[in-house]
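Hi everyone, and thanks for coming. I'd like to walk you through a protein that may be new to you, so please have a look at the view on the screen.

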Amino acid sequence: MFLYGKRPVVERLKAAPQTIRSITLQKGLDLPEVVQAAKKAGKTFSSVSKPDFEKISRNLHTQGVVAEVDDFRYAALEDLVQQKPQPILFMLDRVTDPQNLGNILRTVACLGSIALVVPKHDAAGVSETVLRVASGAENYVSVALVTNLVQAAELAKKFGYWIAGSDAVGGTLIHKVSWPFPLAVVIGPEGAGIRPGLKTHLELTVTPPTPGPPLSFTVAT
């Protein structure tokens with residue numbers, strides 16, 4: 001996999017330099033933050049001309065920085081639910097847009113103590129696009145890849161988790177909920193929402209307050 005951009009590469013150098021295979025910079029650009037982080041992590045880098053760099057970067061917006069890294073390593077859900085303390089789980093149902101997944105990663109990294117659970121099918125996985133949007137957040141958030149979310153919810157329940165679901169309408173307003181812990185929250189896409197088969201496993205449905213026009217929040221929000 002490749003990381004593109006200063007922030008994703010710098011965060012990877014700080015958090016997991018052992019996963020970086022190579023770093024390539026575009027000559028003529030001032031990139032002191034990347035250079036300093038690479039030297040501190042004991043990683044070498046190469047500088048190439050703009051034409052050669054563009055062959056590597058595929059004309060994407062990279063800020064003159066590209067790193068080849070190991071494939072993303074998913075966590076095992078069985079390990080996450082047995083951690084002490086147990087993290088909050090966000091189970092993402094049919095979140096297919098990698099931009100949304102990248103933004104969700106970035107948000108939950110800021111909040112802390114949250115892990116993501118994504119299904120193998122009909123959903124976005126952690127791709128190069130996701131990593132670019134996440135801006136290094138993947139280094140601080142565990143992501144479990146599961147066969148399906150119904151089985152994931154059942155497993156979480158065995159370890160004491162309560163399963164909540166976010167719905168645009170009809171649920172308890174989130175600021176009026178007495179949240180049970182440990183907690184897993186299922187989040188579906190705009191429009192379709194959480195699939196019916198998964199809704200039957202919810203013990204609580206919550207709705208964000210929307211005093212403005214009757215529009216739903218984007219899933220990333």
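Let's begin with helix α3, residues 50-57, which lies across β1, β2, β3 and β4 (65-69). Its direction is about 135° to that of β2. Before going further, please keep in mind that this is a predicted model.

So what is the order of the strands in the open sheet of four? Reading across, we have β1-β4-β2-β3, and the pairing is mixed. The edges are β1 (2-4) and β3 (46-48), each of which pairs on one side only. On average, neighbouring strands of this sheet are turned by 25° against each other, ignoring direction.

Let me zoom in on one pair here. Strand β2, residues 20-26, runs parallel to β3, and three bridges join the two. As a quick reminder for anyone new to sheets, strands pair through backbone hydrogen bonds, either parallel or antiparallel.

**The whole protein**

Now let's zoom out. The protein has eight helices and 11 strands. Its C-alpha atoms fill a box of roughly 55 × 40 × 30 Å along the principal axes. There are 221 residues, and buried ones make up 44% of them. If we take the contacts with a separation of 6 or more, 78% come from residues 24 or more positions apart.

**The sheet of seven strands**

There is also an open sheet of seven strands, with parallel pairing. Follow the order with me: β7-β6-β5-β10-β8-β11-β9. At its edges are β7 (143-146) and β9 (172-173), each pairing on one side only.

Within this sheet, look for β8, residues 162-166, and β11, residues 204-207: they run parallel and are joined by three bridges. S166 has V206 as its bridge partner in β11. Please remember S166, as we will come back to that residue.

Which strands does helix α5 lie across? This helix, residues 98-111, lies across β5 (88-92), β6 (114-119) and β7, and runs at about 155° to β6. Helix α7, residues 149-158, lies across β5, β6, β7 and β8, running at about 165° to β5.

**The largest pocket**

The largest pocket holds about 860 Å³ of space. Its lining is made of 33 residues, and here S166 returns: together with I187, P208, V219 and T221, S166 lies nearest the centre. The elements that each give two or more residues to the lining are β5, α5 and β10 (183-187). Which of the elements gives the most to this lining? That would be α5, with four residues.

I'll finish with a single residue. E11 sits in helix α1, which covers residues 6-15. Is E11 buried or exposed? The relative accessibility of E11 is 14%, and because buried means under 20%, E11 counts as buried.

What does the side chain of E11 make a polar contact with? The partner is the side chain of R7, at 2.9 Å. Setting aside neighbours within four places in sequence, E11 is in contact with A16, S135, G136, N139 and Y140.

That's my tour, and I'm happy to go back to any of these views with you.

Definitions and conventions: Residues numbered from 1 in each chain as written. Predicted model: local features only at pLDDT ≥ 70, side-chain atom pairs only at ≥ 80, totals over all residues. Heavy atoms only, no water. Buried < 20%, exposed > 50% of the residue type's maximum accessible area, 1.4 Å probe, protein only. Polar contact = N/O pair within 3.5 Å; in protein donor to acceptor, adjacent residues only side chain to side chain. Contact = heavy atoms within 4.5 Å. Pairing = 2+ DSSP bridges. Axes fitted to C-alpha atoms, helices over the stretch in contact; angles between N-to-C directions. 1 Å grid on protein atoms, 1.4 Å probe; cavity = no way out; pocket = protein on both sides within 12 Å on 5 of 7 lines; lining within 4 Å. Points joined across faces, edges and corners; volume = space filled by probe spheres on them.
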